[in-house]
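Biologist: I have a structure open and want to learn how to read it. Where do we begin?

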Amino acid sequence: MSKPLPKGTPNQDRMQRKKDATKARVKKKKITKSIYRNKSDDNIENTLWRWFSLFIRLRDSTHNGYGNCITCNKTIYYKDGHAGHYLSRRFKNIKYDERNVSLQCVRCNSFENGRQDVYKDNIDAKFGKGTAQELEKIKNVLVKIDRNYIIARLTVYKIKVNELKKGITERF
Ligand SMILES: [Zn+2]
């Protein structure tokens with residue numbers, strides 16, 4: 001004769017855990033919604049850009065916070081550099097494409113028009129041959145940048161930035 005299962009069988013535990021997880025997810029969703037509820041689309045997109053830009057600059061820096069400009073190779077501190085686009089941020093489909101944006105010094109990005117000629121070769125060196133061409137090809141694909149898109153990306157880049165920041169020794 002088999003013994004009756006004690007209270008709180010593994011399956012019940014599992015179901016309870018699932019319930020708790022769902023509750024936590026719902027709660028999280030509500031919080032996420034409330035953070036942005038009163039913000040305009042432009043406002044949250046600006047916030048997304050700030051996080052994305054920070055992600056790019058940290059990604060391209062080493063643990064001491066210094067990296068090299070994608071186009072002139074000058075060493076810069078991540079907070080002093082820009083996240084410069086290869087193809088203009090006007091092209092919505094690749095505005096937040098990680099291959100299209102890299103750490104760049106202010107001089108190259110703002111005063112030398114991004115130095116697209118050099119950028120092109122260095123993108124291929126960094127992400128693989130044909131990347132620049134691929135970006136050219138997809139730049140005009142229409143993409144709907146709505147609130148959901150922005151908030152989803154925002155959430156992703158906040159997490160990525162926080163992960164990267166853990167590895168960086170801040171300069172004082
Ligand atoms: Zn530069």
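Modeller: Begin with burial. A residue is buried if 20 or more other C-beta atoms lie within 10 Å of its own, exposed if 12 or fewer, and partly exposed in between, with C-beta atoms placed from the backbone. Helices (H or I, at least four residues) and strands (E, at least two) are DSSP runs, numbered from the N terminus. This is a predicted model: local features need pLDDT of at least 70, side-chain atom pairs count only at pLDDT 80 or more, and totals for chains, interfaces and linings use all residues. Residues are numbered from 1 along each chain as its sequence is written.

Biologist: What is the pattern along the sequence?

Modeller: The pattern reads α-α-β-β-β-α-β-α-α-α-α. That gives seven helices and four strands. Of the 172 residues, 25% are buried.

Biologist: Which residues of helix 7 are buried?

Modeller: First, the general idea. An α-helix has 3.6 residues a turn, so residues three or four places apart point the same way. In helix 7, Ile-150, Leu-154, Tyr-157 and Val-161 are buried. They cover an arc of only 80 degrees around the axis, so they sit on the same side of helix 7. The arc is that of the directions from the helix axis to the C-beta atoms. The buried residues pack against helix 2 (41-59). On the other side of helix 7, the exposed residues are Asn-148, Ala-152, Ile-159, Asn-162, Glu-163 and Lys-166.

Biologist: How do I read a strand?

Modeller: In a regular strand the side chains alternate between the two faces of the sheet. Take strand 3 (residues 82-85): His-82 and Gly-84 are buried on one side, Ala-83 and His-85 on the other, and both faces are covered.

Biologist: What does strand 3 pair with?

Modeller: Two strands pair if DSSP finds at least two bridges between them. Strand 3 pairs with strand 4 (residues 101-104) in the antiparallel sense, over four bridges. His-82 stands opposite Gln-104 in strand 4.

Biologist: And backbone angles?

Modeller: Most residues other than glycine have a negative phi, and most peptide bonds are trans. Asn-73 is not a glycine, yet its phi is positive, about 70 degrees. Asn-73 lies in the loop between strand 1 (66-68) and strand 2 (75-77). It is exposed, with 11 other C-beta atoms within 10 Å.

Biologist: Where is Asn-113?

Modeller: Asn-113 is in the loop between helix 4 (106-111) and helix 5. Its phi is positive too, about 55 degrees. Asn-113 counts as exposed, with 10 C-beta neighbours inside 10 Å. Just after helix 5, Gly-128 has a positive phi of about 110 degrees.

Conventions. Contact = placed C-beta atoms within 7 Å.
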